[in-house]
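Subject: Handing over a structure

Hello,

Here is the structure I promised to pass on to you. Please have a look at it first, and then read on for what was found.

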Amino acid sequence: SQANFEEDSQKQPAVGHWKTLMPSKGSKEEPETGCQDAGGADETQSTEQLNVSRLRSSSVEIREKGSEFLKEELHKAQKELKLKDKECERLSKVREQLEQELEELTASLFEEAHKMVREANTKQAASEKQLREARGKIDMLQAEVTALKTLVITSTPSSPNRELHPQLQSPSKAVFRKGHGRNKSTSSAMVSAASQNVTPEPVSHERKEVDSILFAEFQAWKESPTLDKSCSFLDRIYREDVGPCLDFTKQELSELVRVAVEQNTLTIEPVASQTLPVVKVSAEECGGPKKCALSGLPRTCKHRIMLGDSGNYYYISPSCRARITAVCNFFTYIRYIQQGLVRQDVELMYWEVMRLRREMSLAKLGFYPSEM
């Protein structure tokens with residue numbers, strides 16, 4: 001471009017200059033030199049302007065491209081920052097959830113530990129209570145076995161020892177003993193219950209035949225003996241024998257007597273004769289020597305009962321006493337079977353149960369020994 005500019009400047013004369021036709025000596029070359037200097041300066045100035053414009057355009061283009069690049073980088077950085085913020089939020093939620101689950105797990109573990117400790121303490125207390133009760137039962141059974149041995153030696157069902165059974169004595173010979181009674185529902189049937197190892201004498205003039213339904217129910221009960229009256233064996237006896245036998249005129253007192261017999265907390269004791277000095281009793285006495293508390297009828301009452309540790313005495317007639325005694329005899333025998341004290345053949349035990357059921361039926365009908 002500079003070469004073309006020089007050629008154009010050589011072809012055309014510079015405007016505003018006079019061309020000397022006849023140059024003088026000494027100044028022949030000066031006009032040409034001035035023109036050349038003016039043309040070179042213009043060319044240099046235009047070149048510099050062109051370069052400046054190019055630089056400006058290239059700098060603007062660079063700025064624009066740099067701005068676009070920076071915008072793109074900023075946009076990418078903002079996207080990455082948003083993603084990182086979301087990730088941080090998600091991680092913080094996960095952390096909070098884990099902390100909450102850890103707190104719940106710790107609380108549940110502490111609660112479970114406290115629950116286990118409470119259950120262990122409860123079981124320990126129950127075990128200690130059962131141990132105390134078992135020891136008490138053992139002591140009671142040992143005392144009963146000792147008493148039964150004495151009764152077996154000195155008394156038989158055919159000829160009972162009246163010294164050991166004051167309830168069999170006549171009213172004129174009866175002696176009142178404070179504290180004496182048939183405690184824990186024991187009765188005169190202890191003789192027959194304790195002497196079951198001896199072969200019973202066959203009953204004469206009597207024929208027996210086993211009822212298959214009753215015997216099956218007794219065998220099922222004998223496999224796992226219990227005092228729960230929901231089983232078929234005891235349910236039948238409650239409906240047919242125990243319930244009717246303990247159904248007296250005074251319904252409320254009858255229910256209390258039945259519960260005391262079931263819980264083994266009934267006490268029967270003879271009443272002092274009129275010839276002896278009157279004994280002061282702190283407990284409340286219901287009925288009287290001339291009125292039965294269960295039937296409400298005017299009867300001569302030779303015995304009185306106490307239910308548990310209530311301290312209330314109830315006078316009962318001989319008939320009512322026979323009915324209560326018959327039920328007590330039955331419960332005493334089945335308790336001995338449950339505790340494993342009776343070691344006999346199943347059929348012999350079955351017939352003893354039937355005999356006790358017959359006693360309850362007869363007592364309900366009003367039949368009782370004259371000694372009562």
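The structure holds 8 aromatic pairs (rings of Phe, Tyr and Trp, the last by its six-membered ring, pair if their centres lie within 6.5 Å; planes under 30 degrees apart count as stacked, over 60 as edge-to-face and the rest as tilted). One of them joins F218 and F233 edge-to-face, with 5.5 Å from centre to centre and 65 degrees between the planes. This pair links distant parts of the chain, since F218 lies in helix α4 (residues 212-223) and F233, 15 residues apart from it, in helix α5 (residues 232-245). F218 counts as buried at 0% relative accessibility, and F233 is buried too, at 3%. Here buried means under 20% relative accessible area, exposed means over 50%, and partly exposed is in between (1.4 Å probe, protein chains only). F218 and F233 also belong to one aromatic cluster with F215, W221, Y350 and W351.

Before going further, please note that this is a predicted model, in which local features need pLDDT of at least 70 and side-chain atom pairs count only at pLDDT 80 or more, while totals for chains, interfaces and linings use all residues. Residues are numbered from 1 along each chain as its sequence is written, and side-chain values use heavy atoms, leaving out hydrogens and water.

Two rings have a charge over them (NZ of Lys or CZ of Arg within 6 Å of the ring centre and within 35 degrees of the ring normal), as follows. The charged end of K208 sits over W351, 4.8 Å from the centre of the ring. R304 places its charged end over the ring of Y313, 3.9 Å from the centre.

R304 turns up again among the salt bridges. A salt bridge is a side-chain nitrogen of Lys or Arg within 4 Å of a carboxyl oxygen of Asp or Glu, and a search of the whole structure finds 14. In one of them, the side chains of E269 and R304 meet at 2.8 Å, N to O. That pair links distant parts of the chain, with E269 in strand β1 (residues 266-270) and R304 in strand β3 (residues 303-307), 35 residues apart. E269 counts as buried at 6% relative accessibility, as does R304 at 5%.

Other salt bridges stay within a helix. R95 and E99 meet at 3.2 Å, N to O; both lie in helix α2 (residues 30-154), 4 residues apart, about one turn of the helix. R95 is exposed at 57% relative accessible area, whereas E99 is partly exposed at 38%. In helix α5, R236 and E240 are likewise 4 residues apart, and their closest N and O atoms are 3.3 Å apart.

What about the chain as a whole? There are 8 helices and 4 strands (DSSP runs numbered from the N terminus: helices are H or I, at least four residues, and strands are E, at least two). From the N terminus on, the elements run α-α-α-α-α-α-β-β-β-β-α-α. Of the 372 residues in the chain, 27% are buried. Residues 24 or more positions apart account for 71% of the contacts with a separation of 6 or more, where contact means heavy atoms within 4.5 Å.

I hope this helps you find your way around.

Best wishes
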